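Hello,

Here is the structure I promised to pass on. Please open it first, then read my notes below.

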Amino acid sequence: MLAASVVVGAGVPESFPRLQLALLLLLTGVVFWLGHVHAQLFGARLAQRHLDRGTVLHVCRDEWPIAEAALPPALALAVSPLFGLDLSSGLWLALAVAVAGQVGWSAAAARRAGASWGLVAGTAAVNLVIGLLILAFKVVLTH
């Protein structure tokens, strides 16, 4: 959702060159990752747990998928010229990759947690609807 929101929030394609947008996606992912790490560590400290190096590294690893989620859309945007896509089409490709990742990872996480196939399908459907809302926002904002 984060990467898709960045693409939509970037506005019209003329606002940012392609590589700046890819970098914006990656850096936004890292900033949100740092925010989540801070929140987890602050919460642990409030719960009177000792924060040692191992705890910090564990939290950093656990929260890393937040930053990692920005990589596929950023790569899609960066390599879109290889497919003959202009910047606007590259943004749509990045957005589609972000939404597909959102749906796929939610289903994979549900399955890994032992959810039934019905619940896996349900979480994938909810994430698809959220992704489609983000797509609708982009259409409204750019037209």
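**What I found**

Start with Ala 115. Leaving out residues up to four places away in sequence, Ala 115 touches Ala 110 and Val 120; contact means heavy atoms within 4.5 Å. Ala 115 sits in the loop between helix 5 (87-112) and helix 6 (117-142). Helices here are DSSP runs (H or I, at least four residues), numbered from the N terminus. Ala 115 has a relative accessible area of 11%, so it is buried. The cut-offs are these: buried is under 20% relative accessible area, exposed is over 50%, and partly exposed is in between (1.4 Å probe, protein chains only).

A word on the source. This is a predicted model, in which local features need pLDDT of at least 70 and side-chain atom pairs count only at pLDDT 80 or more, while totals for chains, interfaces and linings use all residues. Residues are numbered from 1 along each chain as its sequence is written, and side-chain values use heavy atoms, with hydrogens and water left out.

Now look at Arg 111. Arg 111 lies over the face of Trp 117, at 4.1 Å from the ring centre. The rule for Arg is CZ within 6 Å of the ring centre and within 35 degrees of the ring normal; for Lys, NZ is used.

Next, the aromatic rings. The structure holds 1 aromatic pair. Trp 33 and Trp 64 form this pair, edge-to-face, with 5.0 Å centre to centre and 90° between the planes. Rings of Phe, Tyr and Trp (its six-membered ring) pair if their centres lie within 6.5 Å; planes under 30 degrees apart are stacked, over 60 edge-to-face, and the rest tilted. Trp 33 is in helix 2 and Trp 64 is in helix 3 (residues 53-68), 31 residues apart. Trp 33 is buried, because its relative accessibility is 15%. Trp 64 is partly exposed, at 36%.

Glu 63 is also in helix 3. Its relative accessible area is 13%, so Glu 63 is buried. Apart from neighbours within four places in sequence, Glu 63 is in contact with Trp 33, His 36, Val 37 and Gln 40.

Last, a helix pair. The axes of helix 2 (residues 18-46) and helix 4 (residues 71-79) come within 9 Å and cross at roughly 175°. Therefore helix 2 is roughly antiparallel to helix 4; the cut-off is over 145 degrees. Axes are lines fitted to C-alpha atoms over the stretch in contact, and angles run from 0 to 180 degrees between N-to-C directions.

Best wishes

Key
Helix = DSSP H or I, 4+ residues; strand = E, 2+ residues; numbered from the N terminus. Parallel < 35°, antiparallel > 145°, perpendicular 65-115°, else oblique.
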